[in-house]
Amino acid sequence: MELSCPNLMPAAHYYPFASGSYSTAPGLHKLETDFGNGTLDRQLFQLDQNWYHYHHNKLACREESIHKYYQEHKLSPEAGFLAAEFILRHLLQDHPRCFVLDNHQHEAHLKNILSGEIIVFNRHNHTMVSSGYINLLDALVSQIQEDVAIWQLEDDCDFMSLIHLCAPNHWAAEDKIGKAFSTVHAPVADMSRMKERYQPMLHSLTRAATFVRFAWGLATDRRLNHHPHSPEGVKPELWQGRQFDPEHPQLWVRVERQTLSGLLEGKAVFFTIRTYFEKVAELSKAQQTALVRALHSMSAESLKYKGLTAQLDMINQYLNGL
């Protein structure tokens with residue numbers, strides 16, 4: 001019988017600014033935490049009505065240059081294998097009507113009912129049989145709405161060993177791959193204490209269940225891909241975004257739901273980033289008020305990092321007029 005994916009749910013909504021205070025603290029919650037989105041909150045990989053838009057963005061990244069968005073550095077074979085198994089397990093467990101795995105003697109066929117694509121790979125060592133992807137991890141991450149990274153930990157160091165980033169928020173995979181946590185987060189404002197004391201946190205996460213945290217900022221468009229370098233033929237000033245126009249105001253809260261899961265006991269953390277947009281004009285009055293307060297609570301360094309310094313007065317005027 002031909003399977004069909006059930007009607008996809010509306011996207012989840014997250015409001016990490018609702019406290020009225022901006023913070024860069026880890027703010028870790030267990031995956032089971034209820035944020036008001038029903039079963040979506042309990043899913044590592046969320047499938048919703050925006051899936052096709054996110055998938056089209058990943059296809060566009062591939063067409064431009066997949067190596068601009070997917071980087072590896074000393075990824076251990078064991079970590080890569082377990083990461084692929086981890087993704088497969090969650091897709092089949094949480095979305096059995098949308099992803100179907102057929103095992104043959106030596107091959108496995110994963111069918112994405114949403115796109116009709118079938119990914120064929122070796123059951124035993126995960127080498128690819130079907131073409132078009134760098135490896136199985138590349139193929140699997142291309143099916144989900146989330147971006148993915150892997151942190152590996154060794155006795156005296158840590159480093160980002162993989163990143164598949166098709167919705168970059170003004171940073172580039174090639175600038176972060178192979179770097180330590182403290183180096184990757186060096187540009188992030190107001191994180192000095194965490195950057196000095198992150199090693200115990202990372203090591204604890206390698207042995208823990210999945211946790212969720214949130215990050216947010218403001219955006220003047222809903223484009224997922226804000227890589228620092230525009231594609232060939234696109235003017236950088238048009239690509240960059242973060243240009244608030246008070247005459248034609250467009251403003252969204254760009255929210256990231258990030259998950260962290262222990263992988264390869266004691267040696268790696270599996271990390272996801274999923275982007276959501278909340279149109280500021282459609283927020284409730286209480287949420288808009290909280291957003292104004294949260295913006296006022298940002299340090300000068302955070303405002304600069306978020307690209308808000310030069311535009312904050314105009315944005316405040318717009319928010320106060322809603």
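Me: What is the bridge partner of Gln 71 in E7?
Reply: In this predicted model, Gln 71 has Ile 163 of E7 as its bridge partner.

Me: How many bridges join E2 to E7, and how do the two strands run?
Reply: E2 and E7 are joined by three bridges and run antiparallel.

Me: And how many bridges join E6 to E7?
Reply: There are six bridges between E6 and strand E7, which covers residues 158-164, and these two strands run antiparallel. Within that pairing, Ile 150 has Leu 162 as its bridge partner, and Leu 153 stands opposite Asp 158.

Me: What joins E6 to E7 in the chain?
Reply: A hairpin makes that link, through four residues.

Me: Why is E7 described as largely enclosed?
Reply: Seven of the seven residues of E7 are buried, so the strand is largely enclosed by the rest of the structure.

Me: What is the strand order in the open sheet of seven strands?
Reply: The order is E1-E8-E9-E10-E6-E7-E2, and the pairing is antiparallel. Strand E1 (29-30) and strand E2 (70-72) are the edge strands, as each of them pairs on one side only.

Me: Which helix lies across E8 and E9?
Reply: Helix H9, residues 285-297, lies across strand E8 (211-219) and strand E9 (252-263). The helix runs at about 90° to E8.

Me: Changing topic, which residues touch the most other members of the largest nonpolar core?
Reply: They are Ile 87, Leu 137 and Phe 270, in a core of 39 residues. Among the elements that give two or more residues to this core are helix H1 (51-69), helix H2 (77-94), strand E6 (147-153) and strand E10 (268-279). The largest share, seven residues, comes from H2.

Me: What does Phe 270 touch, leaving out residues up to four places away in sequence?
Reply: The contacts of Phe 270 include Phe 45, Phe 86, Ile 87, Val 148, Ile 150, Leu 260 and Leu 263. Ile 150 is also the residue whose bridge partner in E7 is Leu 162.

Me: How many residues are in the second core?
Reply: The second core is separate and has 28 residues, including Tyr 14, Phe 214, Val 253 and Leu 319.

Me: What about the largest pocket: what is its volume?
Reply: The volume of the largest pocket is about 860 Å³. Its lining has 43 residues, of which His 185, Val 188, Glu 256, Gln 258 and Tyr 305 lie nearest the centre.

Me: Which strand gives the most to that lining?
Reply: E8 gives the most, with seven residues. Other elements that each supply at least two residues include E6, E7, helix H5 (181-184) and helix H7 (198-205).

Me: One more topic: what is the phi of His 126?
Reply: His 126 has a positive phi of about 70°, although it is not a glycine. Most residues other than glycine have a negative phi.

Me: Where does His 126 lie, and is it buried or exposed?
Reply: His 126 lies in the loop between E5 and H3. The residue is buried, because its relative accessible area is 8%, and buried means under 20%.

Me: What is the phi of Arg 242, and where is that residue?
Reply: Arg 242 is not a glycine either, and its phi is positive, at about 55°. Arg 242 sits in the loop between helix H8 (236-240) and E9. With a relative accessibility of 18%, Arg 242 counts as buried.

Definitions and conventions. Residues are numbered from 1 along each chain as its sequence is written. This is a predicted model: local features need pLDDT of at least 70, side-chain atom pairs count only at pLDDT 80 or more; totals for chains, interfaces and linings use all residues. Side-chain values use heavy atoms; hydrogens and water are left out. A nonpolar core is a set of buried Ala, Val, Leu, Ile, Met, Phe, Trp, Tyr and Cys residues joined through side-chain atoms within 4.5 Å. Buried means under 20% relative accessible area, exposed over 50%, partly exposed in between (1.4 Å probe, protein chains only). Contact means heavy atoms within 4.5 Å. Two strands pair if DSSP finds at least two bridges between them. Axes are lines fitted to C-alpha atoms, for helices over the stretch in contact, and angles run from 0 to 180 degrees between N-to-C directions. On a 1 Å grid over the protein atoms alone, a cavity is a set of points where a 1.4 Å probe fits but cannot get out, and a pocket is an open set with protein on both sides within 12 Å along at least five of seven lines; lining residues have an atom within 4 Å of a point. Grid points are joined across faces, edges and corners, and a volume is the space filled by probe spheres set on the points.
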